[in-house]
Amino acid sequence: MKICVVGTGYVGLVTCACFADLGNDVIGVDADADKIKKLHQGEIPIFEPGLKELVDRNRGKRLTFTTDLKAGVQASEFIFIAVGTPPRENGEADLTAVKQVAAGIGQNLNGPKIVVDKSTVPVGMGDLVASIIEEHSAHQNKVDVVSNPEFLREGSAVHDFMNPNRVLIGTNDTGAAERVSELYAPLEAEIMVTDLRSAEMIKYASNAFLATKITFINEIANLCEKVGADVSKVAHGMGLDSRIGPAFLSAGAGYGGSCFPKDVSALIHKAEKEGYDFRLLKAVVAANQYQKRSMLARIKEVLGPLEGKQIATLGLSFKPNTDDLREAVAVEVIHLLQENGARVRAYDPAAMKLAAKALPGVKLAENAYAAVAGADCLVVFTEWNEFKEMDLARVKSAMRTPVIVDGRNIFDPQKVKALGFKYRGVGRK
Ligand code: UGA
């Protein structure tokens, strides 16, 4: 099938590569000429396992890239909108890019199209996209707007796209639903067809629920510390209940990233606009903010005053297997450490290039062992496998004082204590 994907960010580029690999002709469109030039040369602008291989396999054959929206629209039956919806100051989603693309689609229509929205947009945006397209098109063409939210996670995006829990198709037109279902047929996934607005809400509700689930276990973790329980065991026991499930119950330094913080704020804002006070989500935002900052308290608890202390931090991105620093807990806490007079030496397996810009004043180490050399404390912010597998005896001998603050509970407290470390995790005494 002929597909155009507008926006070659995380979701857009993965969508391009995966649909091409499934045998479709895909044109990726982006207004950023530099990005398109790099994509032509096979340069992938983001760190995402498996993505480069997929792009390389299809590039120049079933997968092409252009800045020319008209060419993409006119060559395709399906036009996916996958542009960003970043947060505004007040938490509301900025829909400028989506609106611009909708206008561009309208101006360049050359026949009937199915416009599929993959960007995360507030409920009602699909209807607005349809009216913008109509407003900008000179001729009468049948255009169906379908909501098809993406549920992939950074770091496992290709796998998640190819193995979805469900494919969600939101439209009031059965013909369009069938056509979009055909696109996903090779994945053999459960397909749920619903109305446009419910699909838009499912995306926000899912992210908000997951953020709430993480925040809930973080709150339980904080309480575990006070009562002498171990949150890993508590989460395991809770997760065995099929009504709860084990996923997204890892307590830690709080959630970050380009999705949860933005989408939770956007849902609160949308609710407010509709005259509804979403009390629970407001509490989630506050509790997550507390959780991130509690890392500073944990470090102070084991180190005392931070003035002049040397801190090694491992993991800078908001989660492992990505270089994405957006809303990364590490970045926020490192700023707090610096404000408190500490010197920071950091290492991340993927995000060093971006970190050099985002973290002025922070020394960047070549590897984890170089980061801990001479340090008074090691702080773990993300659970990369290479951190879990570190030789802790070597770490101890390299540090000035053997202290670990483990923001993702990657180490076994008994083992690190037996090695002579002072250890502080989250939700375990
Ligand atoms: C999230 C959702 O999981 C995806 O389904 C969704 O498609 C995506 O947002 C989006 O809307 O685009 P992502 O932000 O890439 O995906 O990553 P997650 O794996 O969900 O992690 C988000 C944050 O939660 C990270 O900071 C992670 O460390 C934290 N987290 C996650 C926890 O603290 N505990 C957990 O148990 C799980």
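View 1. An oxygen atom of the ligand lies 2.9 Å from a polar backbone atom of Ser250. Taken alone, the ligand exposes 720 Å², and the protein buries 91% of that; accessible areas come from the Shrake-Rupley method with a 1.4 Å probe, and for residues only the protein chains shown count as cover. The model is predicted: local features need pLDDT of at least 70, side-chain atom pairs count only at pLDDT 80 or more, and totals for chains, interfaces and linings use all residues. Residues are numbered from 1 along each chain as its sequence is written, and side-chain values use heavy atoms, with hydrogens and water left out.

**View 2. Residues around the ligand.** The ligand is surrounded by 19 residues, each with a heavy atom within 4 Å of it. Phe151, Leu152, Glu154, Lys203 and Asn207 are the closest. A polar backbone atom of Leu152 is 2.6 Å from a ligand oxygen atom. For Lys203, an N or O atom in the side chain is 2.7 Å from an oxygen atom of the ligand.

View 3. The protein chain is divided into domain 1 (2-194) and domain 2 (260-424), with bounds from an automatic or database domain assignment. Their C-alpha centres lie 34 Å apart. In contact (heavy atoms within 4.5 Å) are 18 residues of domain 1 and 17 residues of domain 2. The domains bury about 1,200 Å² between them, 54% of it on carbon and sulfur atoms; this is the accessible area (1.4 Å probe) lost on putting the two parts together, summed over both.

**View 4. Salt bridges between the domains.** Two salt bridges are found across the interface of domain 1 and domain 2, the rule being a side-chain nitrogen of Lys or Arg within 4 Å of a carboxyl oxygen of Asp or Glu. Lys273 forms a salt bridge with Glu92, and their closest N and O atoms are 3.6 Å apart.

Note on methods
Polar contact = N/O pair within 3.5 Å; in protein donor to acceptor, adjacent residues only side chain to side chain.
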